[in-house]
Amino acid sequence: FVVTDDWSFCLYHLRLAKIFQQQRFEILVATRVQQHGTLIQQAGFTLIPLPIERGKLNPLSTFKTLKSLSQIYQHHQPDIIHHAAMQ
């Protein structure tokens, strides 16, 4: 899962992620970590901090986020990616 904010993942995607986890999927959550990182990890998911700035159209910031995503994808090689609420 790639979600802009950790609270958004917990509110809208946590239940779906748990269903996938029960089906033996390894769940990785790339998000901007603020207050809910511990909850994500306690659910048994791998938490990957993602540098993302919401509400800004700064090309440098966007490039940094895209570079981080590219590195995450290369390192983890996910089979399925669910993007939600991206810039």
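Ala, Val, Leu, Ile, Met, Phe, Trp, Tyr, Cys and Pro count here as nonpolar, Asp, Glu, Lys and Arg as charged, and the others, Gly among them, as polar. By those classes, the lining of the largest pocket has 14 nonpolar, 3 polar and 2 charged residues. Please keep in mind that this is a predicted model, in which local features need pLDDT of at least 70 and side-chain atom pairs count only at pLDDT 80 or more, while totals for chains, interfaces and linings use all residues. Residues are numbered from 1 along each chain as its sequence is written, and side-chain values use heavy atoms, with hydrogens and water left out.

**The largest pocket**

- A pocket is found on a 1 Å grid over the protein atoms alone, as an open set of points where a 1.4 Å probe fits, with protein on both sides within 12 Å along at least five of seven lines.
- The largest pocket holds about 440 Å³ of space, where a volume is the space filled by probe spheres set on the points, and grid points are joined across faces, edges and corners.
- Its lining is made up of 19 residues, and Phe1, Glu26, Leu28, Pro78 and Ile80 are the ones nearest the centre; a lining residue has an atom within 4 Å of a point.
- Helices (H or I, at least four residues) and strands (E, at least two) are DSSP runs, numbered from the N terminus.
- H2, E2 and helix H4 (59-76) each give at least two residues to the lining of the largest pocket, and the largest share, 3 residues, comes from H4.

**The aromatic cluster**

- Rings of Phe, Tyr and Trp (its six-membered ring) pair if their centres lie within 6.5 Å; planes under 30 degrees apart count as stacked, over 60 as edge-to-face and the rest as tilted.
- The structure has 4 aromatic pairs.
- One of them joins Phe1 and Phe9 edge-to-face, at 5.4 Å centre to centre and with 70° between the planes.
- Phe1 and Phe20 also pair, and because their planes stand at 40° with the ring centres 6.4 Å apart, this pair is tilted.
- Phe1 sits in the segment before E1 and Phe20 in helix H2 (residues 14-22), so the pair ties together parts that are 19 residues apart in sequence.
- Buried means under 20% relative accessible area, exposed over 50%, and partly exposed in between (1.4 Å probe, protein chains only).
- Phe1, at 11% relative accessibility, is buried, and Phe9 is buried as well, whereas Phe20 is partly exposed at 33%.
- Ring pairs link Phe1, Phe9, Phe20, Phe25 and Phe45 into a cluster.

**The salt bridge**

- A salt bridge is a side-chain nitrogen of Lys or Arg within 4 Å of a carboxyl oxygen of Asp or Glu, and by this rule the count is 1.
- Asp5 and Arg32 form a salt bridge, with their closest N and O atoms 2.4 Å apart.
- Asp5 belongs to strand E1 (residues 2-5) and Arg32 to strand E2 (residues 28-32), so the pair ties together parts that are 27 residues apart in sequence.
- Asp5 is buried, with a relative accessible area of 2%, while Arg32 is partly exposed at 22%.

**Trp7 and His36**

- Trp7 is placed in helix H1 (residues 6-12) and is partly exposed, with a relative accessible area of 37%.
- His36 lies in the loop between E2 and helix H3 (37-42), and at 25% relative accessibility His36 is partly exposed.
- Although 29 residues separate His36 and Trp7 along the chain, their C-alpha atoms are 5.9 Å apart.
- Trp7 and Phe20, by contrast, are 13 residues apart in sequence and 19 Å apart in space, C-alpha to C-alpha.
- Contact means heavy atoms within 4.5 Å.
- Not counting residues up to four places away in sequence, Trp7 touches Tyr12, Gln34, His36 and Arg54, and His36 is in contact with Asp6, Trp7 and Cys10.

**Backbone points to check**

- Most residues other than glycine have a negative phi.
- Arg24 has a positive phi, near 75°; Arg24 is in the loop between H2 and E2 and is exposed at 78% relative accessibility.
- Gln77 has a positive phi too, near 45°; Gln77 is in the loop between H4 and strand E4 (83-84) and is exposed at 61% relative accessibility.
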